[in-house]
Amino acid sequence: SERVCAVSQASRACLWRLSTDGRSLMLEDSFEAERKGHTSDATLLREEMPALFARLSTGEPLLAADAAKDRAT
């Protein structure tokens, strides 16, 4: 994630992993360029975020200009 930030000049990059049962997404690594720090160990549950999981299941890229305002994100 740190390298992705450097190459793309993004402020943050995250790597998520879908659980084998498809019921949760686990944060493997997140890097924030401004503070040069890594975090991990967050979990998103399908039951709590059904719109996100529905969008992800389409296989299409998930693009959101403002993730705070997009119901799926």
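Begin the tour by selecting Asp29, which is placed in strand E2. Helices (H or I, at least four residues) and strands (E, at least two) are DSSP runs, numbered from the N terminus. The model is a predicted one, in which local features need pLDDT of at least 70 and side-chain atom pairs count only at pLDDT 80 or more, while totals for chains, interfaces and linings use all residues. Residues are numbered from 1 along each chain as its sequence is written, and side-chain values use heavy atoms, with hydrogens and water left out.

**Stop 1**

Asp29 is buried yet has no salt bridge. Buried means under 20% relative accessible area, exposed over 50%, and partly exposed in between (1.4 Å probe, protein chains only). A salt bridge is a side-chain nitrogen of Lys or Arg within 4 Å of a carboxyl oxygen of Asp or Glu. The nearest side chain of opposite charge belongs to Arg35, 8.9 Å away; for charge, Lys and Arg count as positive and Asp and Glu as negative, and His and the chain ends are not counted.

Next, display His38. Its side chain and that of Asp29 make a polar contact at 3.0 Å. Such a contact is a pair of N or O atoms within 3.5 Å; within protein, one must be able to donate a hydrogen and the other to accept it, and residues adjacent in sequence count only if both atoms are side-chain atoms. Not counting residues up to four places away in sequence, Asp29 touches Ser1, Ala13, Cys14, Leu15, His38, Thr39 and Ser40, where contact means heavy atoms within 4.5 Å.

**Stop 2**

Select Leu15, which stands opposite Asp29 in E2. Extending the selection to strand E1 (residues 12-18) and E2 shows an antiparallel pairing over seven bridges; two strands pair if DSSP finds at least two bridges between them. E1 and E2 form a hairpin with five residues between them. In the turn, select Gly22, which has a positive phi of about 75°.

**Stop 3**

Move to Ala33, in the loop between strand E2 (24-32) and strand E3 (37-39). Ala33 is partly exposed, with a relative accessible area of 25%. Leaving aside neighbours within four places in sequence, Ala33 is in contact with Ala10 and Ser11.

Although Lys36 is not a glycine, its phi is positive, about 55°. Lys36 is exposed, with a relative accessible area of 66%. Then select Asp41, in the loop between E3 and E4. Asp41 is not a glycine either, yet has a positive phi of about 75°, and it counts as exposed at 71% relative accessibility.

**Stop 4: helix H2**

Select helix H2 (residues 50-57), where Ala51, Leu52 and Phe53 are buried. Display E1, E2 and strand E4 (43-45) as well, for the buried residues of H2 pack against these strands. Gly59 follows H2 and has a positive phi, near 85°.

**Last view: the whole protein**

Zoom out to two helices and four strands, arranged along the sequence as α-β-β-β-β-α. The C-alpha atoms fill a box of roughly 30 × 25 × 20 Å, taken along the principal axes. Of the 73 residues, 22% count as buried.
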